[in-house]
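Q: I have a two-part question list for this one. Can we go through it piece by piece?

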Amino acid sequence: MIKKVLLTIAAILCSIALFAQKNDWGGVKGTVVNRAGRAPIAGAELVISQSGEEMASAVSDAEGKFLIENLPNGMYDMTVRASGFLDANVNVTVEGYVKDLIFVGMVPEQVVTEVDDSNFAEFDMDDSGFEDAPSILFDSNDPFTNIASFGFSNIRFKNRGYTNESQDVYLSGVRMNDAITGYSPYSLWSGLNEAMRSKESTIGNEVSDYGYGGFNGVTNIHAVPSSVRTGWRFSALTNSALYRLRLMATYASGELDNGWSYAFNVSARIGGNDWVRGVYYRNFAYYAGVEKKFGDSRRLSFVTFAAPGQRGAQNASTQEVYNLTGDNMYNSNWGYQNGKIRNSRVRKTFEPVTFLKYTSTPSDNLEASAIVLWRTGKNGYTALDWYDASDPRPDYYRNLPSYFYMENEDFGRLNFEKAAWAKDAWVNDIPEYTHLNWDRLYNINWNNYDENGLRRSKYAVEERRVDQNDINFNASLKWIASRYFTLTGGVNYKWNRTEYYKKMDDLLGGDYYINIDQFAERDFASSPTMVQNDLDYYFEHGEAQVLHQGDKYGYDYYAHVRNANVWANGAFDLGSFKADLAVEAGYSRFWREGLVRKGLFAGLDDDGNEIVYDGKVLTTYDQLTGKVITSKGNSDISSFLTYSAKFALQYHFDGGHRVYATGGYFNDAPTFAQSFISPRTRNSLVPDLTTVKTTSADINYQYSNNGYNFRITGFLTNIADQTDMMSFYDDSQNSFVNFAMSGIDQRHLGVEMGFKLPLPVNGLSLAGALSMGEYVYTSTPRMTMTVDNSAEIVYNDQPVPYWSSSPVFKKTVVDGETVYETDLSGDPVIEGYKKHYVPSTPQLAADLGFNYRTNSYWFFELHGQYFANSYLDMNPLYRTDWIVAGPDGVVTPVEIDELTSQEGFDPVFLLNASIGKSWYIDRKYNFGFSLNLQNITNNRAVKTGGYEGTRLADSETMERYYKFDSKYFYMQGFNYMLNLYFRF
Amino acid sequence: MKRIYIISAAALLFASCEEFQPVFTGTYPDPQEQYIYTDEDFGNKFTSIAEVKDMYAANGSKPYVVEGNCVIKGQVTTSDQVGNLYKSLYIQDETAGIEIKIGKNGLYNEYKLGQWIYVDCSGLTVGDYNGMINIGYDDPSGEYETAYLEHSYIIDVHVFKGAYDDPVEPVVVTEADLHKKVNLGRLVTIKDLKYDDHIFLLAYVDPNGNRKDNSNRIFIDEEGPDNYGVDTWACSEQKWKEYLNAGNFDAVEAPAGTVADYKGPNGTYAIGSMAYSVSQYFKMGKTNVQVRTSGYARFADTKLPQEVLDGTATVTFTGILTDYKGEAQFTLIDLDGVTKTDGTQWYN
């Protein structure tokens, strides 16, 4: 409303000015834009003053335009303020006419600070078991995400408790979430911070211009050359958390007179860090794009980029190991090879993405675009493989003191002396025992001669490859039908074929390896066919394949995914009241295509007949469905029709107040990764696959005015019918099993709040963020467990009764012994039930701090943070009836207590600070630095996640099972990051 | 302004010159070859295996923790490659052979047949298992007299790898010498044994349950021509199921009646399955020799030669001669140790 009034005043002044027609009066006009990307900034306040006295003011309109007239000739200072941007000061000379300043560029706050999302995106710990993405998305204008996006990433905060897969990430309008897993694929462009800087985000259920999105926001990265900041930029960054050095260069031409624009961005990230040994980066990245504008209405852009390189990964260990080494950042993945540190787990990637985009704006109210995007390349992850030899991992449980001695005699681990030796090896950090012993592995291979004088490797390094080919066609439309109604919509099609296989990476001094399944050999040693990874090869050659470096082995299959969807959003704009209604329909198909015939699951031959070898039928059948179990060829096709709808309503009040609410129903197909029981070995699908159904609603209040910014949101989301697939060694079955769990429901209820409060000192503000929720499991899922090697069904469609809660028993401690109280009938007294929580994110996160920015481009930030109510990921096996009952089949309160309860992490307080400064030289050159200090109190006891063991420890009494120790990830202690940049 | 440049140049220097250690990303150098121990490393002073074995009796037939300087030197005579030996190996010198309870999988990868091994016995325990003296670690649980060494650190300070050498030639042992102390734990050949139509195997109703509890044990001990149809050296989990489901053991006494009583209406048995060791009995002259084979051995499900089962042929074994509570027991290292009288292989 103010805006309108001001504009009216401006218009009146303008008309007065027209009448005046005096040459000693004049004015200024122009468009307020974001210096990055030239996006117009609406609602910017412009104040013209002379000698400190305010002379006139205006507010930019929806297109960023402003006009100030009726000014006496002279020199003025013009201050421009807009939320999310640094104040801009412009010297204006009025010389008898309305001077067109064309653009008044504003610098987003984050550009100067350099502590932005693009940096935290690189703080991801992808390979350490964390997801390959920043924990939440970024919106510089929102007071909550402004803090949470960077400030909460170290603790692995998940926005509203949602998983990474629920975040939709678009690149130039194409949804980039992984076709197989759903993960957001930030690693594809990590290191290309400048080229990918320009982006737009929505929060929660909000509808985006780029796609339908889900319930956890949409981020669209523009990625076209014209969106890259014009000019040269060089930066050097060093940090203690990830890699030693990052060098980056960027150039963008901006739009040239001939309609061309082009841009490139290259970077290198190299070195290790101060905290985790063995972790290193040797990553490079490139981006090149060219764009041509034809006439006024059409644009064609072509872009290609990739982030090739390799990096060493981190691993989680048990608390016992961390305590023995005195280091919560201990990493078991590496060891010395002739004195050099070598990591066994290296992520090697080269996945180029290329797209061609056409945009047409035939009229002011219509914009249409079409894009084809192709992702290809290779993604490998190395690991040790060994055949009939002892487990080489240093933190294998049999290498730890607890394996030899436990105070609880029921473990039957009584050998204190052996435990002392084990402890000695760890405490004194004798590298042969506390790290991988590469020298030993080589020597074993070197000395393992066969009858032909060749050396068969017993240890090798395998590379697990996930090579994607992903082609996307996408068309979208935005039609401003009237000032009241805008329609956006689009169609998308994704074709994905991903090949999964293993490659022999390094024979570690040996001459060859053999392509057989050693786990099958353990169980079926006497069967020459069942141990074959490639049965057809065996039939053809009479022996298993002899492998050399670079050969494929183990498993080899395609995941085929086809997704199509159509969506539309109608936006109604009735001035103060706005409404959106969006709908989406999708069709998703996927199947597995085995490229080799696994001996365990031979299936049928090409003519559809049973396979017989040496008088034995090799073909096996599913116990439940009676269908043939196959490993080669196509599986059944899973297809799902999905539909979703959502709405948003908002009302603007005078004075910067806004109330809005959103709601939606979402129906998502399960991903390929959740749908196959044992995709490495066979075509069997998880039984009763169904779509995930989500309902989500939120209500919000926002106030934004005069530098004040405040938002509070209440949200409630129910997610139903999720599935999960696990494979592990089950000690109660003495075999590898596949555990398929379905019907997992969860509820996310909470409040989210953020504010920015300018303080009386110029440039100083108080900012804070709070996220407080309860994210809990609400259902009793069902599970089916099969033996990996034989498909034999161990448990079919059984409940997991302790998944969503565990009972709390009434108990007292008598002489140090816990006694469970019983009622008159002898049953234990249950006082209540303790909920089980969605893990690996703090459910309470708070941040409060001061930000100080000076007119001379200094900035200082100091923030305190508090995180609480974070929980450990649960293993459902420990929540089943039969594991709780133990070998004796009798359920006791102590078994329920110890096996089913969920571990919570301790609350955490953290202190972070940033300082930075930017200099302008001759208005042309810009030089600056930023220094970011994290976890200043050097708190090294902060658990950020982890997982429970899957195995069971014996009990001497044979009355119960004990859990194996959980493994944890910890946050690093004090870290710095220094960035220097130069731009012109 | 100049100052800014200097500060920034210094900062850039600081950023880039910080060493990239401790990370190495080049081509890794080949590791050091393992050290091969020689007699000199132990001052050429060795205790004989027989002397070490005698320490047990000298200690009142109780587990004896060796004190002082005591290094034995012997050649490896066994391999765990086919899985009939597990976590243990035997070494022998000219005086005797003995089991070293090392406690790792895949020992054959590191200790080759014929290779010289030095064992520093100081701090290790000499103990007995049903008549066989072995070297291991102290076992405070009392379940066994010795425990496995098991942890690499313990192994590395007691067991040292010496030079490779040709495999040890087996000693031919006659019936009369079957119980001679010097032959126990040694690689031997015993000739012309006759199949005795006798098997023994101990199974469990629930292999995960208490194995010491008689209500969980099924003794399958059969003398007679059919042996419940168990004609293999042992039985793997699969073979056990095969025997069980074929009804072979229906008549066997079980904790509740007979095995047949555990059969459900759908034909499956309420009896767990796992790999089971089997003793197949032979006669060397008049002396019983039980050939005990692990269900985890790769040849577990291999049938005994038909002529041997029929009693129309005798068999010659090469392997480790042991003693089980005073009875001669024999451990095959692999099926190459099963030959005909003329020395040719029964199995190829």
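This is a predicted model: local features need pLDDT of at least 70, side-chain atom pairs count only at pLDDT 80 or more; totals for chains, interfaces and linings use all residues.

Q: Start with β47 of chain A. Which strands does β47(A) pair with, β40 for one?
A: Strand β40 (residues 764-777) of chain A pairs with β47(A) in the antiparallel sense, over nine bridges. β47(A) also pairs with strand β48 (residues 858-868) of chain A, again antiparallel, over 10 bridges.

Q: Which residue of β47(A) does A:M772 stand opposite?
A: A:M772 stands opposite A:L844. On the β48(A) side, A:G849 stands opposite A:H863.

Q: How many residues sit between β47(A) and β48(A) in the hairpin?
A: Four residues lie between β47(A) and β48(A). One thing to check in the turn is A:Y857, which has a positive phi of about 70 degrees.

Q: And which side chains of β47(A) are on the buried face?
A: The strand runs over residues 844-853 and its side chains alternate. A:A845, A:D847, A:G849, A:N851 and A:R853 point to one face and are buried.

Q: Now the packing. Which residues touch the most other members of the largest nonpolar core?
A: B:L89, B:I98 and B:V119 do, in a core of 131 residues. Strand β11 (residues 187-204) of chain B gives the largest share of this core, eight residues. At least three residues come from each of domain 1 (39-161) and domain 2 (181-339) of chain B.

Q: What is B:L89 in contact with, leaving aside its neighbours within four places in sequence?
A: B:V76, B:T78, B:D80, B:I100, B:I102, B:L107 and B:Y111. Apart from that core lies another, of 31 residues, among them A:Y775, A:M785, A:Y871 and A:I896.

Q: Back to the two domains of chain B. How far apart are their C-alpha centres?
A: The centres of domain 1 and domain 2 of chain B lie 28 Å apart. In the contact, 17 residues of domain 1 of chain B meet 21 residues of domain 2 of chain B. β4(B) gives the most to the domain 1 side, with three residues. That side divides into seven nonpolar, nine polar and one charged.

Q: Last one, the contact of chain A with chain B. How many residues does the contact take from each?
A: It takes 51 residues from chain A and 45 residues from chain B. On the side of chain A that touches chain B, α7(A) gives the most, with seven residues. By class, that side of chain A has 25 nonpolar, 14 polar and 12 charged residues.

Notes:
Residues are numbered from 1 along each chain as its sequence is written. Chains are lettered from A and ligands numbered from 1 in the order in which they are written. A residue is buried if 20 or more other C-beta atoms lie within 10 Å of its own, exposed if 12 or fewer, and partly exposed in between; C-beta atoms are placed from the backbone. Helices (H or I, at least four residues) and strands (E, at least two) are DSSP runs, numbered from the N terminus. Two strands pair if DSSP finds at least two bridges between them. A nonpolar core is a set of buried Ala, Val, Leu, Ile, Met, Phe, Trp, Tyr and Cys residues joined through C-beta atoms within 7 Å. Domain bounds come from an automatic or database domain assignment. Two residues are in contact if their C-beta atoms, placed from the backbone, lie within 7 Å. Ala, Val, Leu, Ile, Met, Phe, Trp, Tyr, Cys and Pro count as nonpolar, Asp, Glu, Lys and Arg as charged, and the others, Gly among them, as polar.
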